[in-house]
Amino acid sequence: MSKPKLVTLPVAKIRPADGFKPRSEQLVEQLGESLKKEGQLQPIVVVERGEGRNRYPLILIGNHRWLAAKSAGIPDLLALVIDGVDSTNDRKAKVLAENLV
């Protein structure tokens, strides 16, 4: 497993986690305003999926930040790219660990 990389990614290229549903439109709108005013305080966490030209970042942690940035017209997000997450169970374990901290 290699070290995580901190990168800037275009919002348009990032894909949300499977089954992601926003909690509320109001939350997304408020978060978008906060991102515009304060900037991004914490990176999203993604894994790379696909091959070659079909490669894309898939969100593990930060779906609401991504959606808020997208709706607010913010072009790029800071992201931590990790590897070693191959299965749905691995992804769920990472998300659970993040939410317990």
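# Close-up views of a predicted protein chain

In the protein chain, 75% of the contacts between residues at least 6 apart in sequence join residues at least 24 apart; contact means heavy atoms within 4.5 Å. The model is a predicted one, in which local features need pLDDT of at least 70 and side-chain atom pairs count only at pLDDT 80 or more, while totals for chains, interfaces and linings use all residues. Residues are numbered from 1 along each chain as its sequence is written, and side-chain values use heavy atoms, with hydrogens and water left out.

**View 1. The whole chain and its order of elements.** The protein chain has three helices and four strands. Helices (H or I, at least four residues) and strands (E, at least two) are DSSP runs, numbered from the N terminus. Along the sequence the pattern is β-α-β-β-α-β-α. The chain has 101 residues, of which 32% count as buried. Buried means under 20% relative accessible area, exposed means over 50%, and partly exposed lies in between (1.4 Å probe, protein chains only).

View 2. Four strands form an open sheet in the order 1-4-2-3, with mixed pairing. Two strands pair if DSSP finds at least two bridges between them. Strand 1 (5-10) and strand 3 (56-61) are the edge strands, each pairing on one side only. On average, neighbouring strands of this sheet are turned by 50° against each other, direction ignored. Strands of a sheet pair through backbone hydrogen bonds, either parallel or antiparallel.

**View 3. Strand 4 with its two partners.** Strand 4 (residues 76-82) pairs with strand 1 in the antiparallel sense over six bridges. With strand 2, strand 4 pairs in the parallel sense over four bridges. A79 in strand 4 stands opposite V7, and A79 also stands opposite I44.

View 4. Strand 2 is largely enclosed by the rest of the structure, because five of its six residues are buried. Strand 2 and strand 3 run antiparallel and are joined by five bridges. V46 has I59 as its bridge partner in strand 3. The hairpin of these two strands has six residues between the strands, and G50 in this hairpin takes a positive phi near 85°.

**View 5. Helix 1 against helix 2.** Two packed helices are described by the angle between their axes and the distance between the axes. The axes of helix 1 (residues 25-38) and helix 2 (residues 63-72) come within 8 Å and cross at roughly 75°. Helix 1 is therefore roughly perpendicular to helix 2. Axes are lines fitted to C-alpha atoms, for helices over the stretch in contact, and angles run from 0 to 180 degrees between N-to-C directions; 65 to 115 degrees counts as roughly perpendicular. Helix 1 makes the contact through L27, V28, L31, G32, L35 and K36, and helix 2 through H64, R65, L67, A68, A69, S71 and A72. These contact residues divide into eight nonpolar, three polar and two charged. Ala, Val, Leu, Ile, Met, Phe, Trp, Tyr, Cys and Pro count as nonpolar, Asp, Glu, Lys and Arg as charged, and the others, Gly among them, as polar.

**View 6. The nonpolar cores.** A nonpolar core is a set of buried Ala, Val, Leu, Ile, Met, Phe, Trp, Tyr and Cys residues joined through side-chain atoms within 4.5 Å. The largest core has 16 residues, and I14, I44, V46, I59, W66, A69 and L77 touch the most other members. At least two residues of this core come from each of helix 1, strand 2, helix 2 and strand 4. Helix 2 gives the most, with four residues. Neighbours within four places in sequence aside, I59 is in contact with I14, R15, P16, A17, I44, V45, V46 and W66. A second, separate core has seven residues, including V47, Y56, I61 and I82.

View 7. S2 is in the segment before strand 1 and is partly exposed, with a relative accessible area of 45%. The C-alpha atoms of S2 and I82 are separated by 7.9 Å, although these residues are 80 residues apart along the chain. L6 lies in strand 1 and counts as exposed, at 54% relative accessibility. Neighbours within four places in sequence aside, L6 is in contact with P43, L78, A79 and L80.

Conventions. Angles under 35 degrees count as roughly parallel, over 145 as roughly antiparallel, 65 to 115 as roughly perpendicular and the rest as oblique.
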